[in-house]
Amino acid sequence: MAEKAALLVVDVQNGFCTGGGLPVPDGEAVVPVINRLAARFSQVILTQDWHPPGHVSFAASHPGHQPFETIPLSYGEQILWPVHCVQGTPDADFHPGLHIPHAHAIVRKGWRAEVDSYSAFVEADRQTPTGLAGLLRELGVRHVVLCGLATDFCVSWSALDARAAGFEATVVDDACRAIDLNGSLARAWTQMHAAGVRRAMSFAF
Ligand code: VGL
Ligand code: ZN
């Protein structure tokens, strides 16, 4: 039976929690909230930031540059990050407290050495699809409910691209945490509201 809603759990990985390569303040606080939220959904898809060593988004790949600087790349401006979520390392593993045994798909993103991907739908070149929109359409999904890390990067880019692909989109705010770099969180919410992304709290599900 086709269910119209799917929960997209974005990047709840060690790398974005305390002790990880790119810790999001209070990132691990989303884990119990998401565990409860996911129990309300029959369709749950996880995303995993999954970078090869030497990835183009790492400051360490650009001698003379520091994390959190922005540089121009072939596909546009790229924020340079600390090394995080390298393929096959514990930093890229899901947080050990995440308990969603019924999650039925994992979308890995940022796996091409030369292109980043905050969005779970389209890579940072804004052209290359990950395949997620097709998966959701084939499942009959109309509404994508998003949670995870980080609100202002991978969650918001994914929510905006969900809208661009024709899905309804809702971000569960208390099931997210933000990086908030130079006002990025407020900007993300402005963009999401303008695009018709709804904001909800987990108790509503
Ligand atoms: C993310 C920065 C770099 C995220 C991933 O999951 O929001 N942010 N890679
Ligand atoms: Zn990343």
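Colleague: In this predicted model, is Asp 49 buried or exposed?
Modeller: A residue counts as buried when its relative accessible area is under 20%. For Asp 49 the computed relative accessible area is 3%, and the residue is therefore buried.

Colleague: Which residues coordinate the zinc ion (ligand 2)?
Modeller: The donors follow the spacing D-x1-H-x32-H along the chain, and Asp 49 in strand β2 (residues 44-49) and His 84, in the loop between β4 (76-79) and β5 (105-109), are 35 residues apart, a pair that links distant parts of the chain. His 84 is buried as well, since its relative accessible area is 3%. At 2.0 to 2.2 Å, the zinc ion (ligand 2) is coordinated by Asp 49 (OD), His 51 (NE2) and His 84 (NE2).

Colleague: Which residue in β4 stands opposite Thr 70?
Modeller: Strand β3 (residues 70-73) pairs with β4 in the antiparallel sense, over four bridges, and a hairpin of two residues joins β3 to β4. Within β4, the residue that stands opposite Thr 70 is Ile 79.

Colleague: How are α3 and α4 oriented to each other, roughly parallel or roughly antiparallel?
Modeller: Helix α3 (residues 151-164) and helix α4 (residues 184-194) pack with their axes 10 Å apart and at an angle of about 10 degrees. Their contact involves several residues, including Phe 153 and Leu 160 of α3 and Leu 185 and Trp 189 of α4. Because angles under 35 degrees count as roughly parallel, the description that applies to α3 and α4 is roughly parallel.

Notes:
Residues numbered from 1 in each chain as written. Chains lettered and ligands numbered in written order. Predicted model: local features only at pLDDT ≥ 70, side-chain atom pairs only at ≥ 80, totals over all residues. Heavy atoms only, no water. Donors = N, O, S within 2.8 Å, 3.2 Å for Na, K, Ca; no water. Buried < 20%, exposed > 50% of the residue type's maximum accessible area, 1.4 Å probe, protein only. Pairing = 2+ DSSP bridges. Axes fitted to C-alpha atoms, helices over the stretch in contact; angles between N-to-C directions. Parallel < 35°, antiparallel > 145°, perpendicular 65-115°, else oblique. Contact = heavy atoms within 4.5 Å.
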